Amino acid sequence: IAVTHPKFSETPHEDMRYNDTNLRLNIEFIWRPLMDQHVAKLLNHLKRRKSLPKLIVMGSATHAIKNSNGSALALEEYKKNLTLLSSVLHQIGNKTQLLWMLQDPVVPERLKPERLAITNDQLDLYNMAAMEVLYNTKVHIWSSSRLVAQGSIGGFSDGIHAGEVAIKYDTQILMNLYCNDHLNFNDGTCCNSREAVTVTQIATFAALCSCPIILIAVAVKQWLCVSTHINGKNSTLSSADADTAQPLMVGDKESKKKNDPSSQDFLMALGKLGLIMGYFFLCDRTSLFMKENKYFSQLNFWLPLGYVFALGLFFTEDTSQTRLLHRDMTDEWRGWMQLVILIYHMTGASQVLPIYMHIRVLVSAYLFLTGYGHFSYYWSGRDMGIVRYCQVMFRINFLVVILCLVMNRPYQFYYFVPLISFWYTVMHITLLLPPRITRPSHANSEASPFNYLYSIIKFVGLGGFITVLFLSEVFFEKIFVMRPWKALFVTTDDDIHEWWFRWQLDRYSLLYGMIFALLYNGLAQYSLIDDKSGSNLMGGRLALLVSFIATVFIASYSTMTLICTNKPDCNEIHPYVAWVPILGFIVLRNMVGILRTRYSSFFAWFGRISLELFVCQYHIWLAADTHGVLVLIPSYPVANVLVTSFIFICVCHEIHHITNKITPFLVPNDSLRAVRNLSVFGFLLMAIGVHDGVF
């Protein structure tokens, strides 16, 4: 400040103050060049103050060297005085940020004659003394300023005072030190203080980690009981009695084996989950592993994409299923879409508008498949009860709820899961409202032609309700900011606009899937298409015509993404045209029998864990809450991607199996037990929310 501000250049060796009421900023420069009684008096005054500055920067050496002409006695005196003050500095450092700035190097040939005693060797001795004295205190050594000075040494016009470049970067470092903890930044490498661990996080880890301990304790107890029982029988029973008792013991063991594995598997699954969550926490809530920013290039995006699709095409095989959009095919579809989305996120390709719009179609396709799959399930006359709904919702949300507790993030942070959960709930309620499409007495809903009429009425009503919500954002906010479900739709800043953006972008996608499912079932019922064998869906020229139209659909959407010039306009059009490329893809993928009866087992494998892949990428593949990339192997980007990807995929696969083991235990097929368990789980989450101030 003394160098750059003209007012201070005449008399720099004095106290100075700067105040900006608009920024609520107050900067005070206190001139105390020597570690003496004046500094001790100032520090004691600071210690007694109730409110301390948010940031204090201290430093001293050059004047002590100059006044003593580089004497060794002065260095010892400096070290002695600093040692006496270290306890006070430690107490102040406990209350606020306190930095000790190491002295910058000098340019000897530019120094004035009276400053020639200030050499770099002397400065190194004083810096080492300060670091040694303050090592075990709450005072932070600011060493990066010295590195900045070394890199801009040419700007030291008088050989001792930092130039404009060094001052600029030092100021930026200080601003980052304070401001980064109060800003929402989109930077993976941005330095900020580690988040304080909350009571909820500690309790969650304790509950998960206690499960294997309980399992071991139960196993030891059972082993001791069995050993005691056998010893007791051997000492009291005769051989004849023992012969008759043995089958009973075997029967007891068999009954235990039938009853115990579920609870043992449950405890072991939660124990594994606790270890996995520990890895999540280390990767994205500590500074143990480095993070780096995403850097987009066409090569970085298209090369892994081509490699993945080459693998997918290589691992293809026949399937016994011939129906349109059968299970193997939908798993394959989800798999390659998820891999494309992962590459998109890793490479930061959202800045390229055509790529961004095609990824938006993939997200819409997920919702489309949700509507198609669940509507087809209900249409076939199968279970629409509370147990089915709870099991689906539990599988979708279990991982995200655990991550919210462990990573201290709001539910809306994992936006895709709230979106899927909301639309599945809307669809379930729509189908349950009278008149019912499926009835328990009917083996198949196709038996009643009125079901088509009922479905159309429901679709029109649902579309109208969605449109009304979209046209009135005020009405939308009033619905979704109501308590107690407000916490499910707002971000950390208590903002609903992120949910509004995601909701309106894919507001019709689930409805498109339901309409397509109804249309397909109608065509199949009246034999307008044939998918019961491995033949083509349609014959002759009609198949060629429909395939040509499907190709035009896909090409027209891709052309639209090239013509569209900005994201807001593209996002506004997207909800109305998202069905076009999706329908085109379905037709081309299913029209030819040979293609319909083959699928990529590689993509299908990833499709079965697509939900885990989408959610887990936030913390153990990407990092810094998706703004950066996790670095386990610095300086080797290709090796780092391979290692992090391998760990990431293995973790997702294991979490998928853990969820499958836990779901039957917590959401059994018995409706009363399922509702009881989920009610307890819900009340527990509400208690945590009240404790954290969510409600």
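The model is a predicted one. Its chain has 695 residues, and 44% of them count as buried. In terms of secondary structure, the tally is 26 helices and 10 strands. Looking at contacts with a separation of 6 or more, 78% come from residues 24 or more positions apart.

Turning to the strands, β3, β4 and β5 make up an open sheet, in the order β3-β4-β5 and with parallel pairing. The edges are taken by β3 (55-58) and β5 (140-142); each has a single partner strand, so one side of each has no neighbour in the sheet. On average, and with direction ignored, neighbouring strands here are turned by 30 degrees against each other. The link between β3 and β4 (residues 97-101) consists of four bridges, and the two strands run parallel. Within this pairing, I56 sits opposite L98 in β4.

Among the helices, α15 (residues 450-471) is worth a look for its length and its two faces. Which residues of α15 are buried? The set is N451, Y452, S455, K458, F459, L462, G463, I466 and L469. Around the helix axis they take up an arc of only 135 degrees, which means that they lie on the same side of α15. The other side of α15 carries F450, I457, V460 and L471, which are exposed. As for what covers the buried residues of α15, the list includes α12 (353-379), α14 (416-432), α16 (473-480), α17 (497-505) and α18 (509-525).

The last stop is D284, a residue of helix α9 (residues 239-284). Is D284 buried or exposed? Its relative accessible area comes to 6%; the cut-off for buried is under 20%, so D284 is buried. Setting aside neighbours within four places in sequence, D284 makes contact with K291 and M407, and also with Y618, H619, A623, A624 and D625.

Notes. Residues are numbered from 1 along each chain as its sequence is written. This is a predicted model: local features need pLDDT of at least 70, side-chain atom pairs count only at pLDDT 80 or more; totals for chains, interfaces and linings use all residues. Side-chain values use heavy atoms; hydrogens and water are left out. Two strands pair if DSSP finds at least two bridges between them. Axes are lines fitted to C-alpha atoms, for helices over the stretch in contact, and angles run from 0 to 180 degrees between N-to-C directions. Buried means under 20% relative accessible area, exposed over 50%, partly exposed in between (1.4 Å probe, protein chains only). Contact means heavy atoms within 4.5 Å. The arc is that of the directions from the helix axis to the C-beta atoms.
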